Amino acid sequence: LDTPATWAGLSSLLPGWTLETPSYAVSTGTDALTQDLPAILTRLAAAPAPILLVGHSYGGLLALTAALAVPERVAGLLLIEPIAFGLLSGAVRERFDVLNVELGRQLASDRAEASLRLLVDYWNGVGTWDRMPERVRERLRDQSARAAIEVESGRRDRTEVGELSRFQRPVQVLWGAQTTAESQQVCGALVAGFPRAHGAAVPGVGHQVSRSAPAAVAAALLALAAEAEEG
């Protein structure tokens with residue numbers, strides 16, 4: 001799960017910038033997006049001018065959904081491997097569906113440990129869960145309810161490529177060169193679908209681009225800001 005601390009490395013690389021990093025308490029229900037989106041839309045409406053919106057993973061899906069809902073309030077969009085799995089197709093979609101049937105079954109049961117291992121290893125490589133310090137595993141166990149509804153948001157996503165043309169502002173898309181096939185397909189679809197998108201794979205990292213490569217994120221954000229200022 002991402003927290004505001006995820007962006008600490010980025011903050012240090014952007015002196016003079018104001019970075020808002022909202023966090024969310026554990027929610028109840030079937031998915032997180034429907035609960036978190038209203039708060040983001042309220043923040044956007046209250047901002048004195050359109051802002052640059054950045055999101056990673058579930059946060060990327062949240063940022064994408066918000067930008068499509070109120071494009072006039074977003075000056076530019078930086079998406080880092082958003083879980084917009086509605087954009088998947090073909091064999092990659094089939095693999096994702098098989099994986100998520102199993103993940104959903106485990107999340108719905110009392111097998112929190114097994115589901116967390118499956119989720120962590122899916123995004124970070126087989127064996128990652130077992131190599132984690134126990135204190136990190138314990139924190140993730142404490143947040144397993146939140147993880148379940150964020151996962152459900154990705155499973156329920158119905159983003160379509162045709163929707164992306166509504167957003168006419170600049171977009172940057174980043175993904176780890178070593179990330180999953182599903183995430184690579186999503187990012188490719190975003191780059192192809194947005195009218196003003198640039199995309200790049202970040203060498204040497206997987207899904208955790210924001211944590212592992214803050215310099216690449218800062219560079220993309222600076223490029224986004226420059227293009228947004230040009231209009």
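Okay, housekeeping before the pictures. The model is predicted, with local features needing pLDDT of at least 70 and side-chain atom pairs counting only at pLDDT 80 or more, while totals for chains, interfaces and linings use all residues. Residues are numbered from 1 along each chain as its sequence is written, and side-chain values use heavy atoms, with hydrogens and water left out.

So, the overall fold. We have 11 helices and 4 strands in the chain; those are DSSP runs numbered from the N terminus, helices being H or I of at least four residues and strands E of at least two. The radius of gyration is 17 Å, close to the 17 Å that the globule rule gives for 231 residues, so the chain is as compact as a globular protein of that length. That radius is taken over C-alpha atoms, and the rule is 2.2 Å times the number of residues to the power 0.38. The C-alpha atoms fill a box of roughly 50 × 40 × 35 Å along the principal axes.

How much of the chain is buried? Buried residues make up 47% of the 231, where buried means under 20% relative accessible area, exposed over 50%, and partly exposed in between, with a 1.4 Å probe and protein chains only. On contacts, meaning heavy atoms within 4.5 Å, take the pairs at least 6 apart in sequence: 74% of those join residues at least 24 apart.

Now the inside. A nonpolar core here is a set of buried Ala, Val, Leu, Ile, Met, Phe, Trp, Tyr and Cys residues joined through side-chain atoms within 4.5 Å. The largest one has 43 residues, and L64, L77, F167, L190 and F194 touch the most other members. Several elements each supply at least two residues of this core, including α2 (33-46), β2 (74-80), α4 (90-108) and α9 (181-193). Which helix gives the most? That's α3, with 8 residues. Apart from this core lies another, of 15 residues, among them L10, V202, V205 and A213.

Let's zoom in on L77. Leaving aside neighbours within four places in sequence, L77 is in contact with residues including L53, A63, F167, F194 and L224.

Over to strand β1 (residues 51-56), which holds L52. L52 is partly exposed, at 25% relative accessible area. With neighbours within four places left out again, the contacts of L52 include W17, A75, G76 and L221. W129, by comparison, is 77 residues from L52 in sequence and 34 Å from it in space, C-alpha to C-alpha.

Most residues other than glycine have a negative phi. S57, in the loop between β1 and α3, has a positive phi near 60°, and S57 is buried at 13% relative accessible area. E81, in the loop between β2 and α4, also isn't a glycine and has a positive phi of about 45°. Is E81 buried or exposed? Buried, with a relative accessible area of 0%.

Last stop, two more residues. Q35 lies in helix α2 and counts as partly exposed at 33% relative accessibility. Q35 and L62 are 27 residues apart in sequence and 10 Å apart in space, C-alpha to C-alpha. G127 sits in the loop between α5 (112-124) and α6 (128-131), and G127 is buried at 15%.
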